[in-house]
Every structure is written in structure tokens, then in C-alpha cells.
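Here is a short briefing on one protein chain. Please look over the sequence and the model before reading on.

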Amino acid sequence: MHDGYIFTLGICGSASASGPAQGCLDLMLAALAPVKRAAYLGEILVREGEPSLDDPLLGPVCADIADAEVLLFATPLPGGALPARLLALAHSLAATPPPARRRFAALVVFTDGATTPLWPLRHALEAADIELLGELYAPADAALDELAVEAADLAHAAYARARVSYPGALP
């Protein structure tokens with residue numbers, strides 16, 4: 001736990017405000033207690049000097065994942081695939097030994113196609129011993145007001161499960 005509180009980390013597969021994923025993650029985080037952080041994995045990496053595919057955010061996000069009891073994911077599946085930075089995060093997470101404590105996740109996906117591209121993320125969560133409590137699927141261009149209640153309920157369910165596992169956590 002983070003200073004005695006349940007720590008919630010929100011991870012968005014897109015930093016684009018033009019799609020619903022970022023707003024959905026914001027909505028999910030706003031529905032929960034105040035000890036939380038968000039990572040918006042945009043499509044473009046800005047690096048000084050020589051171009052590199054190394055993601056400077058990957059290490060800090062993985063460190064936050066190790067600290068978090070609740071993980072909330074919201075992502076589009078552009079072109080029918082996980083966004084590149086979220087895929088890289090999933091591979092890194094799957095290769096990292098999990099901490100010896102229970103963690104819980106919820107996932108909201110915006111897609112008009114198949115959900116099979118989520119397999120690397122699901123595998124990473126399983127490998128990291130993070131229990132995926134629920135998945136919500138919405139059209140790629142979904143209006144947030146149409147799924148606000150379901151997304152907030154999913155976030156509440158993950159947080160409530162963590163509260164059961166950590167009854168001594170501060171509110």
C-alpha cells in the first residue's frame with residue numbers, strides 16, 4: 001500500500017483527447033479515492049538527439065504498477081491492435097517478477113473489431129499475478145455519457161475488491 005492507502009494507477013493506451021479512452025480513464029479515476037496516478041501513453045515519443053524506440057516512461061510506469069493495488073486500463077485498439085506503447089508495457093510487465101501481494105485490474109476497450117489484440121495485455125496481467133476483474137467493450141467512437149455508469153462501476157468493483165484484501169487500508 002502507498003503510505004497506508006490503496007494506490008490506484010490508471011493507464012491509458014492513448015493521450016489523444018479526440019477519442020474516448022482518455023476521458024473514460026479520467027472518469028474512472030474520479031470515481032475513486034484520492035490516492036491515484038495516471039499514465040497517458042501517447043502515440044508519439046519525443047526524444048532529444050538521435051531517434052530511439054526506447055520509452056523513457058516505461059520504467060516509471062512499471063515501478064508504479066509494482067506499487068499499485070488497483071490498475072485501471074482504458075485503451076482504443078487502433079487498426080485492430082494494442083497501441084505500441086501499451087504493448088511494450090505489457091511485454092515489460094510480463095517479464096517482471098510480481099510482488100507478493102494481491103492486485104486487481106479493470107479494463108475498458110474502445111474498438112469496432114475483435115478483442116483478440118488484448119491477449120498480450122491479459123497475459124501480462126496474469127503473469128504479474130494481477131486479477132482482471134472485468135472488461136467493458138465500447139464502440140471506438142462511443143460517447144462517454146453512454147458508458148459513464150458502467151465504467152465507474154467497473155472502477156468501483158476493482159477498488160472494492162482491493163478494500164476486501166486490504167481491510168486495514170486508510171479510506
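A residue is called buried under 20% relative accessible area, exposed over 50%, and partly exposed in between, using a 1.4 Å probe and protein chains only. By that rule Ser14 is buried, with a relative accessible area of 6%. This is a predicted model: local features need pLDDT of at least 70, side-chain atom pairs count only at pLDDT 80 or more, and totals for chains, interfaces and linings use all residues. Residues are numbered from 1 along each chain as its sequence is written, and side-chain values use heavy atoms, with hydrogens and water left out.

**Overall build**

- The protein chain has five helices and five strands. Both are DSSP runs numbered from the N terminus: helices are H or I with at least four residues, strands are E with at least two.
- Along the sequence the pattern reads β-α-β-α-β-α-β-α-β-α.
- The radius of gyration is 15 Å, close to the 16 Å that the globule rule gives for 171 residues, so the chain is as compact as a globular protein of that length. The radius is taken over C-alpha atoms, and the rule is 2.2 Å times the number of residues to the power 0.38.
- The C-alpha atoms fill a box of roughly 45 × 40 × 25 Å, taken along the principal axes.

**Burial and contacts**

- Of the 171 residues, 43% count as buried.
- Contact means heavy atoms within 4.5 Å. Among contacts with a separation of 6 or more, 82% come from residues 24 or more positions apart.

- Strands pair if DSSP finds at least two bridges between them.
- Strand β1 (residues 8-12) runs parallel to β3, joined by five bridges. Gly10 has Leu72 as its bridge partner in β3.
- Strand β4 (residues 103-110) also runs parallel to β3, with seven bridges between them. Thr75 has Val109 as its bridge partner in β4.
- From β3 the chain crosses through helix α3 (residues 84-94) to β4, and this β-α-β crossover is right-handed. Right-handed means that, with the strands pointing away from the viewer, the path from the first strand over the helix to the second runs clockwise.

**Ser14**

- Ser14 lies in the loop between β1 and α1 (20-30).
- The Ser14 side chain reaches the backbone nitrogen of Ser16 at 3.0 Å.

How values were computed
A polar contact is a pair of N or O atoms within 3.5 Å; within protein, one must be able to donate a hydrogen and the other to accept it, and residues adjacent in sequence count only if both atoms are side-chain atoms.
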